[in-house]
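Please examine the sequence and the coordinates shown below before turning to the report.

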Amino acid sequence: MSTRQKNNLAKRALCLTLLCLLPLFCRANDAHTKMQYTLYCSGCHTADGRGSGDERIPDMRNFVGYFAAVEGGREFLIQVPGVSTAPLKSRDLADIVNWMLRTFSADQLPDDFIKFDEQEVERLRHYVLRSELGDKRKQLVSQIEEYKKHN
Amino acid sequence: MKWFDKFFENKTRNIARTSSRRSFLANVGKAVVGVSVIPALPVAKAAGGGSSAGAHYPGVSPQPSDDSADPGDPTTCEYWRYCGIDGFLCSCCGGSQSACPPGTEMSPITWIGTCLNPADNKHYIISYNDCCGKAACGRCFCNRNEDDTPMYRAFTNNDTNWCVGASSETYVCSTAVILGTSMES
């Protein structure tokens, strides 16, 4: 075997090893996201996303994904004060929101859903919904009810 | 009554003869300083209880842990999980560090922080669920406030009454439930 062949083989072996390790990294990342959700969100939203049981902290399970399907909902998901003012970097925040949508409400996400990335979160979170939060949510929920009829 | 007058006249004259106004003032000064210093002495603190080291709330027997991985006594404020607590310890109120006393309900929403476990030097995620019911427990008040944030960051503020999520909004006591380990401190 020539030196070049040996080199090629070594490169291939390295690539294969890295490829095998990839799922490990991804899972570690997910665990980190879940930990951050536990630390920064689950106090109010609870570990499984069911919330407080009244309208103050609504149930996210099998529902929160609908927001990504209606107009203005995508912005709302980032601009609610709990998300936009969280003491977290936009990159982590994007991971957490994606994880929440996937974990609590995967079936309600639209087929063409594009994951949030750092840049989008950074851009959207500059605007924080304050006094108009309740009205905005009501409006979006009625849009969602309309959306459900057709889908 | 003559002997009575005589007695006090003698005493008064005696005092006037043997003491000066300045020494009287000096003695009063000593008494004032002395009395104010006594409660600051470590002996007085240990007897008085409260949040000083190893102190026990009167009437609550110690519950030292047998588990070397979870060291300390959950009826004392120094127990490691209580690093961010503010309230009455449920361990002193008929519950435990992770369970509410009978007749109370654990609030579904809570504030969450991390504490360092001295046994393995890892940071654990701790959920300070309040127990809610008829009346405040009143035993073993503990306020440590590590990681506590001001009211405008309500999600990590321990002055909030977290019983707003339970059926009774009356606060009874606080628990410290472990949710997992934290990868960041």
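This is a predicted model: local features need pLDDT of at least 70, side-chain atom pairs count only at pLDDT 80 or more; totals for chains, interfaces and linings use all residues.

Chain A contains seven helices and zero strands. Read from the N terminus, its elements follow the order α-α-α-α-α-α-α. Chain A comprises 151 residues, of which 24% count as buried. When contacts in chain A between residues at least 6 apart in sequence are considered, 70% of them join residues at least 24 apart.

Chain B is divided into two domains, domain 1 (2–40) and domain 2 (80–181). The C-alpha centres of domain 1 and domain 2 of chain B are 54 Å apart.

Chain B also holds an open sheet of three strands, ordered β2-β5-β7, with antiparallel pairing. Because β2 and β7 of chain B stand at the edges with a single partner strand each, one side of each lacks a neighbour in the sheet. The residue ranges of the strands are as follows.

| Strand of chain B | Residues |
|---|---|
| β2(B) | 105–106 |
| β5(B) | 130–132 |
| β7(B) | 171–174 |

Two bridges join β2(B) to β5(B) in the antiparallel sense. At residue level, B:E105 has B:C132 in β5(B) as its bridge partner.

Across the interface, 12 residues of chain B are in contact with 11 residues of chain A. The side of chain B that touches chain A consists of eight nonpolar and four polar residues, with no charged residues.

Conventions: Residues are numbered from 1 along each chain as its sequence is written. Chains are lettered from A and ligands numbered from 1 in the order in which they are written. Two residues are in contact if their C-beta atoms, placed from the backbone, lie within 7 Å. Ala, Val, Leu, Ile, Met, Phe, Trp, Tyr, Cys and Pro count as nonpolar, Asp, Glu, Lys and Arg as charged, and the others, Gly among them, as polar. Domain bounds come from an automatic or database domain assignment. Helices (H or I, at least four residues) and strands (E, at least two) are DSSP runs, numbered from the N terminus. A residue is buried if 20 or more other C-beta atoms lie within 10 Å of its own, exposed if 12 or fewer, and partly exposed in between; C-beta atoms are placed from the backbone. Two strands pair if DSSP finds at least two bridges between them.
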